[in-house]
Amino acid sequence: MIKCGMRVEAAYIAYIFGLTEKFQPHAILTMHLKESKDSCDRKKREAKAFPQRAKEATEKHLATMKSIVACLEYHEVDPSKLLPDWQIKGMIVKAEKDIAGYCKKIEAKASQKRKVEGIESHQKRQRYTAEPHSDLTSSLGCMMEGLLSLAWINTILMTCAAGLWDNIPGIVEKS
């Protein structure tokens with residue numbers, strides 16, 4: 001179990017079956033805490049500009065510490081006595097504060113991104129209206145064509161009513 005990375009479970013079994021002489025839970029849990037902390041620190045260094053990754057690493061380390069405390073409390077062992085160098089309860093409090101800090105950083109980064117996107121989208125709208133007369137001209141042109149068509153239709157109707165059909169230019173004579 002230790003080789004497979006299931007160190008907390010190995011400590012449970014050592015306590016349950018009374019194998020604490022052969023498999024020392026103190027050594028097993030200390031090794032697990034050290035590896036978890038080293039992994040967390042390495043991931044935090046790699047993720048300086050990415051608070052989400054640092055938060056995930058800290059959450060994983062926090063889960064490890066909480067599982068160790070749960071194991072020890074289940075077997076009625078005081079964590080501060082078994083692991084005096086680690087001060088595990090203080091580390092849990094610190095990790096929770098770190099996670100809260102990362103959450104604030106993530107939210108600040110997201111709100112900053114929304115502000116920047118809002119500014120960019122506003123600027124894009126201004127670019128589309130950079131030629132304000134082009135849309136107006138085309139819509140006025142359509143309106144004028146429509147009015148001319150209506151005027152032409154009106155002229156044809158008036159001419160038909162007056163009996164002056166032959167006088168309209170471009171109209172083919174009746175057969």
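In which helix is T64 found? In this predicted model, T64 is found in helix α3, where helices (H or I, at least four residues) and strands (E, at least two) are taken as DSSP runs and numbered from the N terminus. T64 is buried, with a relative accessible area of 12%, the term buried denoting under 20% relative accessible area, exposed over 50%, and partly exposed the range in between, all with a 1.4 Å probe and protein chains only. When residues up to four places away in sequence are not counted, T64 touches H32 and S36, a contact being defined as heavy atoms within 4.5 Å.

Residues are numbered from 1 along each chain as its sequence is written. Because the model is predicted, local features need pLDDT of at least 70 and side-chain atom pairs count only at pLDDT 80 or more, whereas totals for chains, interfaces and linings use all residues, and side-chain values use heavy atoms, with hydrogens and water left out.

The protein chain has 6 helices and 0 strands, and its pattern, read along the sequence, is α-α-α-α-α-α. Of the 175 residues in the protein chain, 23% are buried. Among the contacts with a separation of 6 or more, 60% are accounted for by residues 24 or more positions apart. The protein chain exposes about 13,100 Å², of which carbon and sulfur atoms supply 59%; accessible areas were computed by the Shrake-Rupley method with a 1.4 Å probe, and for residues only the protein chains shown count as cover.

The structure holds 8 salt bridges, each defined as a side-chain nitrogen of Lys or Arg within 4 Å of a carboxyl oxygen of Asp or Glu. One of them joins K34 to D38, with the closest N and O atoms 3.2 Å apart; both residues lie in helix α2, 4 residues apart, or about one turn of the helix. K34 counts as partly exposed at 47% relative accessibility, and D38 counts as partly exposed at 38%. K37 forms a salt bridge with D41, the closest N and O atoms being 3.3 Å apart, and this pair likewise lies in helix α2 with a spacing of 4 residues, about one turn of the helix. K37 has a relative accessible area of 31% and is therefore partly exposed, while D41, at 26% relative accessibility, is also classed as partly exposed.

A further salt bridge is formed between K89 and E73, whose closest N and O atoms are 3.1 Å apart. This pair links distant parts of the chain, with K89 in helix α5 (residues 88–128) and E73 in helix α3, 16 residues apart. Both partners are partly exposed, K89 with a relative accessible area of 47% and E73 with one of 44%.

K66 and K89 are 23 residues apart in sequence, and their C-alpha atoms are 8.7 Å apart in space. With its neighbours within four places in sequence left aside, K66 is in contact with I92 and E96.

On the surface, R42, K43, R45, K48 and K60 gather in a patch of positive charge. Such patches consist of residues with over 30% relative accessible area and no salt bridge, like charges being joined within 9 Å and nonpolar side chains (Val, Leu, Ile, Met, Phe, Trp, Tyr) within 5 Å. Lys and Arg count as positive and Asp and Glu as negative, with His and the chain ends not counted, and the place of a charge is taken as NZ of Lys, CZ of Arg, CG of Asp or CD of Glu. Helix α2 (residues 25–46) contributes the largest share of the positive patch, 3 residues. K48 is placed in the loop between α2 and α3 (51–74) and is exposed, with a relative accessible area of 74%.

Two loop residues were noted for their backbone angles. Most residues other than glycine have a negative phi, and most peptide bonds are trans. E76, although not a glycine, has a positive phi of about 55 degrees; E76 is found in the loop between α3 and α4 (79–82) and is exposed, with a relative accessible area of 76%. Q87, a residue other than glycine, has a positive phi near 45 degrees, lies in the loop between α4 and α5, and counts as exposed at 60% relative accessibility.
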